[in-house]
Amino acid sequence: MRKSNGHSFTWKTFTESRLFLPLIALSLILLFDLIFIPGFFSIENRDGNLHGSLIDIFRNGSTVMLLAIGMTLVIATGGIDLSVGAVMAIAASVAGILMNPSALKNEVFFVTDPNYTFQPLWLVIISALFVAILCGLWNGVLVAYVRIQPMVATLILMIAGRGIAQLITNGLRVQITYKLFTFLGQGWIILPFSLYIVAIMFVFTWLMTRKTAIGMFIESVGINFRSSFYSGIDEKKIKLMVYAFCGFCAGIAGLVASSNIKTSDANNIGLTTELDAILAVVIGGTAMAGGRFSLLASMVGALVMQAITQSMYAIGVPAFALQAIKAVVVVFVILLYSEQFRSFIRKFSAPKTEAKP
Amino acid sequence: MSEPDQNILVMEGISKAFPGVQALDDVGLNLKRGEILCLVGENGAGKSTLMKILTGVDQPDSGRIFLDGKEIQAKSPQHAQSLGISTVYQEINLCPNLSVAENILLGREPHKFGRVDWAKMNALAGETLQRLLGVDIDVTKPLGSYTVAIQQMVAIARALYMASAKILILDEPTSSLDVNETQQLFKVMKKLKDEGVGIIFITHFIGQVYEISDRITVLRNGKLVGTYDTDSITRVGLISKMIGRSLAEFDEMSKIKLDSSKHIKTEALLQAREFGLTGAIQPFDLDLHAGEVVGLAGLLGSGRTETANILFGAEKADSGSVSVNGNLVKEHSPLGSIKRGVALCPEDRKAAGIVDDLTVRENIILAMQANKGWFKYLSLQEQYEIADTYIQLLSIATPSPDQPVKNLSGGNQQKVILARWLATNPQVLILDEPTRGIDVGTKAEIQKLVLSLAEEGKACVFISSELEEVLRTSHRIVVLREREKVAEFAGEVDEKTIIHAIAGGEA
């Protein structure tokens, strides 16, 4: 989105952009699907809504995409947030208990009425997101003000978070049947409803980082926090803000995930998704050391992660072997990013010309 | 030393292009055994690139290198080292979190029973520092806990520790050393020279060139200007070869200074009273007047940088008070200072100045934007206008404002940081070593700029380890010694008076 002084869009500007490699990775996986999985690209129209494997990639990828939005900003400041999976579970538990408080009385009864909820939906969502932001603020305080290393600081909540989620629901899984809530993850308006949530969050975050100075400050803090400090940037406030925002994104992801499986399952919601989110950001080309970031590239990164999972299921890889296969594919994707590999590619793609001024 | 005139190193026809710039164009150089060769030139002349090619960091596009008559091509710094070419780079490339001893002996640790022999290692490192450089420090402490000067000495010790070094390259090793430390280094260089080591010495200090070198090779804009015997070329001649223009403007300085001194106001813009920080700087009084340049003179570690930092609020003072424009400052922080119109251009350009991955434009507007806050974002058009203004005003050499600032040469990076602070339109501008590691031409530009800023009614604090420069630029000089303000001189003073004050009044 920069004014380029008379530069037109060329193949070279595209290959140098952050989007290039993630898109290549995604195309390679989709090409694999095109060849080996018949009907992978077929999209059918059911009552005006679109269904198909391709749509499923987007729908199932929506939680990772939501997490990747917050994670991108955290990683850009040079940090990391391992607790997002646990925060998802906490948000889901808060939502579950507010819609179906039976667990507090230590009894599980199945609410069958899809129109029943203990608290109105707006209160459910606001409370869950409020708690998620609190979780993020906790991380932010530990990292920015107490100066604990981000990995250690967020590890605390990663481990404690699932315990907290269980405490909220009294150790039980809470069934969620409230129709309006399940629409978040299962609803369809031509496209899956969760995609609209992702789109809104993406646009909001893009505007927030690129149409204000926040994006530049985040990058500046991530690249050189001492220079940023001398330039008058409140590095602590920036960090607190991104961790809180990351918690907020995790909260939304938690709501979508629990709505999707109709329970608030403190043990399994968001389990290991923090790693998927981190990988999505890495595939999106943001350096783990912080600095320049691209939200759009992270989104493509999240889709790459989901496309791998989806393709493996489609060709019949059993669930227990999935993680291993995924690891192998991720290694290949990351290979695309190594400087050696890139210069190797450049050698072959660029015609040999002497650069003489 | 059978033939003292024999060349130990010959480089010929070296060319190297980087995207958008021909860094070196058919450059040659020869170095004799037991000789100190000075490599001089302005920023971007190609000195560093030439050395990077010699040490295997970069590969040349064309050209040949002969070491001891045999053609070599260093593939990596390690390879160059094994050939006998040791380097101390301009920017310190050591690990600040490792101990001094580890830094010196990294990769060559003494072993005992298959484990690192720490006692021996520490003794060895301490002895090396003591014997070679005459520096006596605790080598078990992390390197980062020492000043930049000591870190530089450690880097030199590390390069010198190579027993087999045939060639030693010193890329601006003295830019952060004070007079005594420089003399220590020169002693070491002379000793190595007597032992037959060829030394390539890159520096911006013309005085040092004449003090230590046998011959001088001059580069300009990636081309070889010539190689001269030090005895046969005058300073003025050398400098005009380096910058390719006459020196009349250097003489202008004192006239400009005299003229501008008429504009000094009597009321103080910034007033510090009993201002100090325990362990950093003793409480001092300081008044800065509009239109005036105040020089801070003193040896390294005398508290110059600390003074700058607490005046700006980068470090919090624990005694006394400071008022700006007559208003007492309560909340002291960098952002608060920017809002009050106080700016600090910090000493360490790489660590506290530039944000290397951001573009020139973003680096320039950074402090200004921080002042405006998160949400009042300057439009791209405004950003380009500001960036273009300062690129022109300070003649920053960059292909475009969208260039990452790390691709610029040191002097241009310094100008970008100056631009960042000028963009905040400060009333008080504190410049901590603004000319460090910068070529002669740019130095004069910056000195002139400081005076013209004062003329516009700003108060400037000018800190430099080059006393000559402080004298030339300042209307008033404050002398610091051992973290205490010891003297203040207004009007014309000569170098001797200041040196006596720095030294402690005796001798």
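**Core, helix packing and chain contact in a predicted model**

Reader: Which residues does A:Val304 touch, not counting residues up to four places away in sequence?

Author: This is a predicted model, in which local features need pLDDT of at least 70, side-chain atom pairs count only at pLDDT 80 or more, and totals for chains, interfaces and linings use all residues. Residues are numbered from 1 along each chain as its sequence is written, while chains are lettered from A and ligands numbered from 1 in the order in which they are written. Two residues are in contact if their C-beta atoms, placed from the backbone, lie within 7 Å. With that cut-off, A:Val304 touches A:Pro22, A:Ala25, A:Leu26, A:Ile29, A:Ile283 and A:Val333.

Reader: The largest nonpolar core has 175 residues; which helix gives the most to this core?

Author: A nonpolar core is a set of buried Ala, Val, Leu, Ile, Met, Phe, Trp, Tyr and Cys residues joined through C-beta atoms within 7 Å, where buried means 20 or more other C-beta atoms within 10 Å of a residue's own, exposed 12 or fewer, and partly exposed in between. The members that touch the most others are A:Ala68, A:Ile90, A:Ala91, A:Ala132, A:Cys249, A:Val304 and B:Ile430. Helices (H or I, at least four residues) and strands (E, at least two) are DSSP runs, numbered from the N terminus. With 15 residues, the helix that gives the most is α11 (residues 235–261) of chain A.

Reader: Between which domains of chain B does this core lie?

Author: Domain bounds come from an automatic or database domain assignment. Two domains of chain B both give residues to the core, so it lies between domain 2 (247–341 + 428–438 + 459–507) and domain 3 (350–425).

Reader: Helix α3 (residues 53–76) of chain A packs against α11(A); are the two roughly parallel or roughly antiparallel?

Author: Axes are lines fitted to C-alpha atoms, for helices over the stretch in contact, and angles run from 0 to 180 degrees between N-to-C directions. The angle is about 175°, with the axes 8 Å apart. Angles under 35 degrees count as roughly parallel, over 145 as roughly antiparallel, 65 to 115 as roughly perpendicular and the rest as oblique. Therefore α3(A) and α11(A) are roughly antiparallel.

Reader: Which term describes helix α4(A) relative to α12(A)?

Author: Helix α4 (residues 84–99) and helix α12 (residues 273–283) of chain A have axes 7 Å apart and an angle of about 130°. That makes α4(A), relative to α12(A), oblique.

Reader: Is A:Ile190 buried or exposed?

Author: A:Ile190 is not a glycine, yet has a positive phi of about 65°. A:Ile190 lies in the loop between β4 (188–189) and β5 (191–192) of chain A. Because there are 11 other C-beta atoms within 10 Å, A:Ile190 is exposed.
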